[in-house]
Amino acid sequence: MLDHSILGVVEVREQSWTAGDAEVYAAAVGGDSPAFPITLAQHGGPQLGLTGADMTQVLHATQSLVLHRPLPAAGTMPVTRTVTDIFDKGSGALVVSTWDTPYFSTRSSCFVKGEGGFGGPRGESPAFTVPDRAPDTTWTFQTSDDQALRYRETGDVNPMHADPEFARRAGFSRPILHGLCTLGITLRHIELSTVDCRFTAPVYPGQLLTVDCWRTGEFRTRTDRVVLVGKAV
Ligand SMILES: C/C=C/C(=O)SCCNC(=O)CCNC(=O)[C@H](O)C(C)(C)COP(=O)(O)OP(=O)(O)OC[C@H]1O[C@@H](n2cnc3c(N)ncnc32)[C@H](O)[C@@H]1OP(=O)(O)O
C-alpha cells in the first residue's frame, strides 16, 4: 500500500553529468532533445520514492519542465526533490513531485492505480487541448522493438519497460515504452523554455509515433490513439 508519509518529503542530492550522458540520451530518443535535463534530475524516471506502492500499478501521468539557463555540457548540480501532493483520483492516487536545480525545474506525477478512495483532495484536472484545425507540422518516428531497452541506458531501469512478466502483471501484453522516451522523441523538433504534458495512453516499442505540432505551442503524439498531449512555449 502506498505510504502517504512520503508527502512533503524533501531530498537534496548532487548530480554530476558528462557529455557522454547526453550522447546516451540522444541515442535513446533518436537525436538531441530539450527533454534531456529531466533524466538528470529524475535519475531516469519519475517513480523513485513511492514507498509501499505496487510498482506494477504505477504509470507516469504528467511531466513539466522549465528551463532557467543553458545546461553546460558537463557539470555537477544540487537537485532538490519534493513530494508536493498526493491527489485522490478515485481509481488511483496521483503522486506529484518536483525537482529543482539551478538550471531547470521539473514536475512529474505518477498515477498509482488502485490507491484512490482515501478521502484526499481531488486536486488538479488540467485539460490539454489542441487547436480545432490541422496541425502546422506533422512528422513521424518509427520506434524500434528495442527502443525501451535503449532508453533504459539513460538510467530508468523500471522493469515495466524491460521485464515481460512484470509488464503482464501490470496488465500489458509486453513491456511498454517509458513516457519520458515518448516525450524526448516528441520534443526533438520543438523549441521551448517550458513544457507541460499528460501521458494519455501507453506506447509499445515498435509502434510508429506521429507527432502533430501547432505554432501556438500545442502538440500531441499518436499511435493508433493519442498517447501524449501538451503545450510547449
Ligand atoms: C513509472 C512509470 C513510468 C512510465 O513511463 S509508464 C509509461 C507512460 N505512461 C503511460 O503510459 C500512462 C498513460 N495514461 C494512462 O494509461 C491513463 O491516463 C491512466 C491509467 C494514468 C489514467 O487513466 P484512467 O484510470 O482511465 O483515468 P480516468 O478515469 O480517465 O480519470 C480519473 C482521474 O484521473 C485523472 N487522470 C487521468 N489520466 C491522467 C494523467 N495521465 N495525468 C493526470 N491525471 C490523470 C483524470 O483527469 C481524472 O481526474 P479528474 O476527474 O479530477 O479530472
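A polar contact is a pair of N or O atoms within 3.5 Å; within protein, one must be able to donate a hydrogen and the other to accept it, and residues adjacent in sequence count only if both atoms are side-chain atoms. This is a predicted model, in which local features need pLDDT of at least 70 and side-chain atom pairs count only at pLDDT 80 or more, while totals for chains, interfaces and linings use all residues. Residues are numbered from 1 along each chain as its sequence is written, and side-chain values use heavy atoms, leaving out hydrogens and water.

Ser108 lies in strand E5, residues 104–113 (strands are DSSP runs of at least two residues, helices, H or I, of at least four, numbered from the N terminus). Its side chain makes polar contacts with the side chains of His60 (2.9 Å) and Gln63 (2.9 Å). Ser108 counts as buried because its relative accessibility is 2% (buried means under 20% relative accessible area, exposed over 50%, partly exposed in between, with a 1.4 Å probe and protein chains only).

UniProt, in an unreviewed entry, places "domain: Peroxisomal multifunctional enzyme type 2-like N-terminal" at residues 52–101; the positions use the numbering here, feature names are shortened, and annotations may be inferred rather than shown by experiment. Residues 52–101 are 0% helix and 66% strand, with end C-alpha atoms 27 Å apart.

The unreviewed entry also lists "domain: MaoC-like" at residues 130–229. That stretch is 20% helix and 27% strand, and its end C-alpha atoms are 8 Å apart.
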